[in-house]
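Here is a short tour for a reader meeting this structure for the first time. Look at the sequence and the model, then read on.

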Amino acid sequence: MVDFFLKKAVLGQMQTDIHVFAYEDLYILFDVNSGSVHVLDEIMWNILEALKFSNGKEKRFWEQLKKYPDEVINEALDELYFLVEEGTIFTTDTAIEKDIERNLENVIKSLCLHVSHHCNLACSYCFAGKGSFGGKKNNMTLEVGKKAMDFLIDNSANRPTCEVDFFGGEPLLNWDIVKKLVEYGKQKAAEKGKTFRFTLTTNGLILDQEKEEFLNKENISVVLSIDGRKTIHDKMRPLPSGKGSYELIAPKIKSFVNSRQGKNYYVRGTFTRNNLDFADDVLFLADEGFTEISLEPVVASSDEDFAFREDNKDRLRYEYARLAKKYLKRKLAGNPFNFFHYNVDLENGPCLPKRLTGCGAGFQYLAVTPEGDLYPCHQFVGKEEYRLGDLFQGIISKELVKKFKKAHIYNKEECKICWARFLCSGGCHANAVCNNGSIEEPYQMGCFLQKARLEAAIYIYVKEKIDYPASFG
């Protein structure tokens, strides 16, 4: 039924260059290298599923096709031939191995500035050791902060925009320094013909009108930490006294979001094994009036009681699917919200370096401690073996920089053959180290979660094309 040409064109790529999956009411084909997406009918689905196997399992799919006339099957095969020849499915990877690291230049694009290693909460899942990252509790001085701004400008080459995220601990505990560094950064950037883009990540506990006004005036993007429903938030994000923090922070976060007309912010939560029904937390936040929402799976060692287990996978996949249906339903009803992990640009996509390495931790993105030490990212701070150097001597551990630069998808055996590789970019290095002790070996639960939400995102993309064709030209 299928000749040698088609087998040759398809068999070698079924596992690595396309992803065919059933999702809710659709059969979907995602072409890995081109990013193109196709909706399949049942005939094409069974043909592709049959081609996928060479161990006898394909027989049941051929059996499914017997109910169709030969001319219908041949028509489907002709369409498959056409798509292959046209180059819209079963495309090949055009990246040239020798060009990969040349494209990953050592240009610092952004810094995560740890202006405070204090915190006024005691979050159960905190990777930062309750704010101190395993060290002493202290705040960044103006001198160190200025040095960080200078370091970023000096190492950003010809990039017109530099990015700084004020982080902690809780950065609002060092508020005066934040304000002074914004002023200094703007001044120094202007002298060099550059601009700074600032972000601040806060738990919201000490937000007030003065801070609102400054953040709005300076157009600083703000990430506001809130986990969803009050019971969930209070369980995982209590005050040091053990009392829940929801009632204290929720009104302040709402006030802030309203003060900037709901723009240039994200509410960002964390979900754990304690709330496997996390879709309800996303929907709760949407019902509270937040339209820009991110809810991240916890970063935790597998021995933590709130870490995910293998037997949670079915429920986690179900929740992403449930959330996708609710997401679409609300959009159709004219009450949309934006869920960060469903923002997948399949038509334009990220640049090549981002597709290969994600955030660029260790060579394009660095974290700076209050003392001026440099680490690959905020989640590595305090791990001495990952210290890169400091602001005063520069980057000392050149080999460590090379190690992060080489930790791209073509140097990870599992990533090379994964359908999600260009959308996931190899996963989070910190997650990998936390669970595997190595940045070269992806964290398996992280891979599962990434693929589960990417399937949901692709499904949403297709449904939006069907329901809103005019918006896609």
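A residue counts as buried when its relative accessible area is under 20%, and as exposed when that value is over 50%. The model shown is predicted.

## The first hairpin

Strand β1 covers residues 18–23. Five of its six residues are buried, so by the cut-off of under 20% the strand is mostly covered. Its partner is strand β2, residues 26–31. The two run antiparallel and are joined by six bridges. Tyr-23 stands opposite Leu-26 in β2.

Two residues lie between the strands of this hairpin. Glu-24 takes a positive phi there, near 55 degrees.

## The open sheet

How many strands form the open sheet, and in what order? There are 11, in the order β10-β9-β8-β7-β6-β5-β4-β11-β12-β13-β14. The pairing is mixed. At the edges lie β10 (338–339) and β14 (394–395), each of which pairs on one side only.

Within this sheet, β5 pairs with strand β6 (residues 195–202). The sense is parallel, over six bridges. Asp-165 stands opposite Thr-199 in β6. Helix α6 lies across several strands, including β4 (110–114), β5, β6 and β11 (365–368). The helix runs at about 170 degrees to β4.

## Helix α10

Helix α10 has 14 residues. At 1.5 Å a residue they should span 20 Å, and the end C-alpha atoms are 20 Å apart, which agrees.

Which residues of α10 are buried? They are Tyr-246, Ile-249, Ala-250, Ile-253, Phe-256 and Val-257. Seen down the helix axis, the buried residues fall within an arc of 135 degrees, so they line one face of α10. They pack against α8 (209–217), β7 (221–225), α9 (230–236), β8 and α11 (279–287). On the other side of the helix, Glu-247 and Asn-258 are exposed.

Most residues other than glycine have a negative phi, and most peptide bonds are trans. Ala-157 lies in the loop between α6 (142–154) and β5. Its relative accessibility is 46%, so Ala-157 counts as partly exposed.

Asn-264 lies in the loop between α10 (246–259) and β8 (265–271). At 31% relative accessibility, Asn-264 is partly exposed. Just after α10, Gln-261 takes a positive phi of about 55 degrees. Gly-169 sits in the loop between β5 (161–167) and α7 (175–191).

## The nonpolar cores

In soluble globular proteins, nonpolar side chains tend to be buried together. The largest nonpolar core here has 124 residues. Those with the most contacts inside it are Leu-113, Phe-166, Phe-339 and Tyr-342. Helix α18 (residues 444–467) gives this core its largest share, 12 residues.

What does Tyr-342 touch, leaving aside its neighbours within four places in sequence? Its contacts are Tyr-320, Leu-323, Ala-324, Tyr-327, Arg-453, Ala-456, Ala-457 and Ile-460.

Key. Residues are numbered from 1 along each chain as its sequence is written. This is a predicted model: local features need pLDDT of at least 70, side-chain atom pairs count only at pLDDT 80 or more; totals for chains, interfaces and linings use all residues. Side-chain values use heavy atoms; hydrogens and water are left out. Buried means under 20% relative accessible area, exposed over 50%, partly exposed in between (1.4 Å probe, protein chains only). Helices (H or I, at least four residues) and strands (E, at least two) are DSSP runs, numbered from the N terminus. Two strands pair if DSSP finds at least two bridges between them. The expected span of a helix is 1.5 Å times one less than its number of residues. The arc is that of the directions from the helix axis to the C-beta atoms. Contact means heavy atoms within 4.5 Å. A nonpolar core is a set of buried Ala, Val, Leu, Ile, Met, Phe, Trp, Tyr and Cys residues joined through side-chain atoms within 4.5 Å. Axes are lines fitted to C-alpha atoms, for helices over the stretch in contact, and angles run from 0 to 180 degrees between N-to-C directions.
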